[in-house]
Amino acid sequence: MTNHWIDLKNADVILIMGSNAAENHPISFKWVTEAQKNGATLINVDPRFTRTSSKADIYTSLRSGTDIAFLGGMIKYILDNQLYHEEYMLNYTNAAFIVGQGFGFKDGLFTGYDDKKRSYDNAKWAFELDDKGVPKKDSTLKNPRCVFNLLKAHYERYTPKLVSTVTGTPEDKLIEIYKTYGATGKPGKAATIMYAMGWTQHTVGVQNIRSMCMIQLLLGNMGVAGGGVNALRGESNVQGSTDQALLFHLLPGYLPMPSASIGSLAAYNEKFTPKSNDPRSANWWQNRPKYTVSLLKSFFGDKATADNDFGYGWLPKIDDGKPYSWLDIFDAMYAGKIRGFFAWGQNPACSGANSNKTRQAMAKLDWMVNVNLFDNETGSFWRGPGMNPADVKTEVFMLPACVSVEKEGSITNSGRWMQWRYEGPKPLGNSRPDGDIILELGLKLKELYAEGGTFPDAILNLKWDYMSGHRYDPHKVAKEINGYWLQDKTIGDVTYKAGTLVPSFALLQADGSTSAGNWLYTASYTEKGNMSARRGQEDAPNNIGLYPEFAWCWPVNRRIIYNRASCDPKGQPYNPDRWVVKWDAAAKKWTGDVPDGGWPPLQNPDGSPNEAGRYAFIMTKEGHGQIYGPGLKDGPFPEHYEPLECPIEKNLVNGQRMNPVAPVYGSDADAHLTCDPRFPYVGTTYRVSEHWQTGLMTRPQPWLMELQPQMFVEMSEELAKMRGIKNGERVLVSSARGEVQCTAMVTKRFKPFKIGGAVIHEVGIPWHFGWRWPESGAEESANLLTPSTGDPNTRIPESKAFMVNVTKL
Amino acid sequence: MAKAFFIDTTLCTACRACQVACKQWHDLPAEETQNLGTHQNPPDLSDKTYKLVRMNERVIDGQLRWLFFPEQCRHCIEAPCLEALGDPAAIYRDPDTGAILYTRQTAQYDADAIIESCPYNIPRKGADGSVYKCDMCNDRVHNGLLPACVQACPTGAMNFGERDAMLEMANQRLAVVKAKYPQAMLLDPEYVSVIYLAAFPPENYHEFAIASRTPVGVTRHMALRKMVRPFAAALSRLG
Amino acid sequence: MDVSRRKFIQISGATAAGVAVSHLGFDLRPVKAHAQMLKTQYAKETTTICCYCGVGCGAIVHTSRRGDGRVINIEGDPEHVINRGALCSKGSALKQLTENTNRLTEPMYRAPGASEWRQVSWDWAIDQIARRVKETRDAAFEVKNDKGQTVNRTTAIASVGSAAMDNEECWLYQALLRAMGLVYVEHQARI
């Protein structure tokens, strides 16, 4: 989230699309309700009428997988009706930038497409630069090659009529929503978006979200109270685990994973440190080398020196351009290329797309380590459906982790708030905190490698002093993540002593004099104490629910990011009643939230430019919000493509049926069928309020099983009638990859869609079940049906739109 | 001063935190349920389920509504069950909170008769013969805590406090809600300590959302006064 | 009043006639006194953050100071500024996540081809796992890739997880995996 949970109350319009917040983030509705009580309009767009829809002022449905068509139509409506916030757009976004001649778009393809590699050369989409190397701009927006005009041209096709025939949403509902949302382009008004996996789990996932970012930038809704682009993250610490980089392509703090062609730290810094020639662009990532070296110092301690590249050579390298993502792991495992596997606090036998492939892949392993609270479908895969234990040669170690209330440590919520929690009871039985298990394993490996082995340096040099009294000490790790001064250092008139904690990432150094396990968390645990444990009840002076002394949030406790964009170029808030920051000209500083940089506003009070000012979007190289995004794999503007499996032969918007660069896997377990009469209905997956993720932490609980005891499929009364299915009876839902028994829930909350003149039915299933719990074994995972394809940028699987059949048992 | 709940069904998201929080606080076991083609579960109140969010899909004036009704004992101001039974060892009112409380002594009576006496069809018989229902978390209330269901509620659908304050809140919300839902009403506010605000006619939510009026137009309140006496005399302790 | 509701007069009148025994005068004091004492009265109180979704609601954990030292109650923390005491159904069931007889409480091992789990010690399990890592890693370690570039990695071991761990644990885990040379490192955020 660019904003945070409480901030939802500040919105004038809330769009819930691609999420089901009332069910899956139930407490968000405390603040959604607060906004509605203050007069906000709640809009909900979802293929199915949900508990969220029941509270919406405006609800409409759309066919799964057509969000870009829906949002593209909104972009066109905003442009046609001049609803955009012009001053904001000109000052804070790249709307006025001139795009180079290399960019073009035809028949659903952007320029630079290589159909053999199924990829784009996105260098073709670059901006036109002036002689200083700064993108050219036309603030009059007359240049036909400026982003604004290219945007207009691109979305000209997205008329309400076309959008309606693609999405199945009635035209009058489209217009009502476009008008209501677009009205927040007025200065002082704010609209926010609450999305989740309903947008990410598509072959066009990133572009779904990009579409909304573009709308928010056009309307001036970024950086303001009640605005932003807000991903509702589904796990208590999935924000933190992402920040700490349990992902193949990242190191902690969003530092790119080094690749094989980058042989030295100098080459790494050269490649990943962006250079801006515009003196007014803060270009924050120019600081990257400080964060990289500080991270290496945290990894390897005293062993990391300038002479050995701070241990850069000990880090593993990925091959350039090769993905090592979830889908790729199980593809390689299915091909027998992976021998050992850790499933640590996760249940891949149910959680990833195409679970049959995942489960079969596990049988090819030599060994597996499964760490969890409960036995699960992963640890016990060898005795699951269709498995003969005698044939499965995989050794499995299953280790009992303790529950979160039995240990101490921090987690980071969706609003980037890092919060500390404490040990209540001791771990049950012989269960242990994950931290203890990780430390013990590391110590044992160090012991083994001390006796010799292949490339022992990385393991032996790893700094691993995080125990107190033979037990994992979370405070020691939290301090390491924050970072230390490793030498006495004087900066300005302040001397920082070696061994003390670094107070802010602005002070981190590239010379090895600081450590920081994650620069984004520097300032979270300082000499003033553990900031994440704070419980301050006072709001900030702007009284918009920031609660700056309650817990701590990254970066540097800034509760709303890009907050200087909430002000006009003179630093005065567009909304004086719900201001986030404002420039105090007399004191020469910003007040309110922690500003995203202390520079003065772009303009002096008389409107003359202030050269000391910096653009608002400090994390982009050019300092501007990206309405045009040339850095993605599938185009600088979002374009509608059909899912891998869809119910219509032809994309009604352009000549490409599906995203031309989406990954498609080719093993014999990767069947997919589109427009096939055997699988005539759109299928989608979702969650319910009473279970969580694969259900492993809810299915063993009788209280929650009472509420949602069985796998179900929701379908319209029309479809049920057509198939002779009665409410409450068991049916079979099948796809090209598998089948699952479900209880039919025949409901008015699903309605057939009219798509391109045809009637299309959609059904929905929750993905919370699996054979291990309940012990009947009769309830299985929805992911037995989902395809292994995904977004080309993130490679998140397309679990939200695929084709199924529903038959009576 | 007696306490009251104000339950604003227009704000209920059916997250069912109240249902679980009730079980959690009272250490009540789960029921073994099946999916019967609805998200609502269990199907009914029981000796293990004192609070139940009823869920109904209705098309009203051509528009689909999904109506949620967090059902519980109304803690009637003049409780027919209490008045009918006439045995404070089995059913009594806590004068401090207004909670209507059932004890194990209810096992001494015909449970069906106690259940039948309730115009809202709330109490349920347990395996031990006692009769069970919501106790207003009377222990929590006496210790300055909110009832578990109210504390758990995210949206402000569930509220609890002094009766006057709750009535005021109910009337304020009614005025606001009426602008959007002209048929909105408070359900039996004079007679109960659990005041519901419904956006649509109560029969859309649940058969027993209100105590219906008698055919001759006598209000339930008056009917109760007339009926209770003979009932109290007749209802007796089982052998 | 609903007709079926009113039937009780006739029915109960008929069935109960003739066994009228009054029970007035029963001493209610013990019943009341018990009802007014909280089960959490003498418990240790700690705060936690709910382990389910990403909202980050605060909860209070009441742990018995006597006997087994287990959880008596978990409920929303009224002083938490996000949830103000509220929780959802899952958060309200946190006690049952903790005090759950289905939980794993001992390390278990399943040998190749075996049809049963066998309980093992922590020391044995950690030692064996470290040895498996070392054997697999050493056998399949790639110092250079096909192009001759230095990569110092192994693709023979993969890891998934976990957003269910604390920040500090995630950080430690990724550090260890990278020191082991893993590049197949993924978790919930990818799906």
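Reader: Where is S162(C) found?

Author: S162(C) lies in the loop between β7 and α7 (167–180) of chain C. Helices (H or I, at least four residues) and strands (E, at least two) are DSSP runs, numbered from the N terminus. This is a predicted model, in which local features need pLDDT of at least 70 and side-chain atom pairs count only at pLDDT 80 or more, while totals for chains, interfaces and linings use all residues. Residues are numbered from 1 along each chain as its sequence is written, chains are lettered from A and ligands numbered from 1 in the order in which they are written, and side-chain values use heavy atoms, with hydrogens and water left out.

Reader: Is the peptide bond from G161(C) to S162(C) cis or trans?

Author: That bond is cis, with omega near -5°. The bond from W773(A) to P774(A) is also cis, its omega being near 0°. P774(A) sits in the loop between β32 (762–766) and β33 (802–808) of chain A.

Reader: How should I read the interface of chain C and chain A, and how many residues does each chain give to the contact?

Author: The size of an interface is often given as the accessible area lost when the parts come together. Here the contact (heavy atoms within 4.5 Å) takes 113 residues from chain C and 168 residues from chain A. The buried area (accessible area, 1.4 Å probe, that two parts lose on being put together, summed over both) is about 12300 Å², and carbon and sulfur atoms give 63% of this. On the side of chain C, W122(C), W171(C) and I191(C) lose the most area to chain A, together 7% of what that side buries.

Reader: How many salt bridges cross the interface of chain C and chain A?

Author: Side chains of opposite charge can pair when their charged atoms come close. A salt bridge is a side-chain nitrogen of Lys or Arg within 4 Å of a carboxyl oxygen of Asp or Glu. Across this interface the rule finds nine. R153(C) and D319(A) meet in a salt bridge, at 3.0 Å from N to O. Helix α6 (residues 122–140) of chain C provides the largest share of the side that touches chain A, 15 residues.

Reader: Which strands of chain A and chain C pair in the parallel sense?

Author: Two strands pair if DSSP finds at least two bridges between them. Strand β12 (residues 340–344) of chain A pairs in the parallel sense with strand β7 (residues 150–160) of chain C over four bridges. Within β7(C), I157(C) stands opposite G340(A).

Reader: How many aromatic pairs are counted over all chains?

Author: A pair of aromatic rings is described by the distance of the centres and the angle of the planes. Rings of Phe, Tyr and Trp (its six-membered ring) pair if their centres lie within 6.5 Å; planes under 30 degrees apart count as stacked, over 60 as edge-to-face and the rest as tilted. The count is 57 aromatic pairs over all chains. Y254(A) and W554(A) form a tilted pair, 6.4 Å centre to centre with 45° between the planes. This pair links distant parts of the chain, 300 residues apart.
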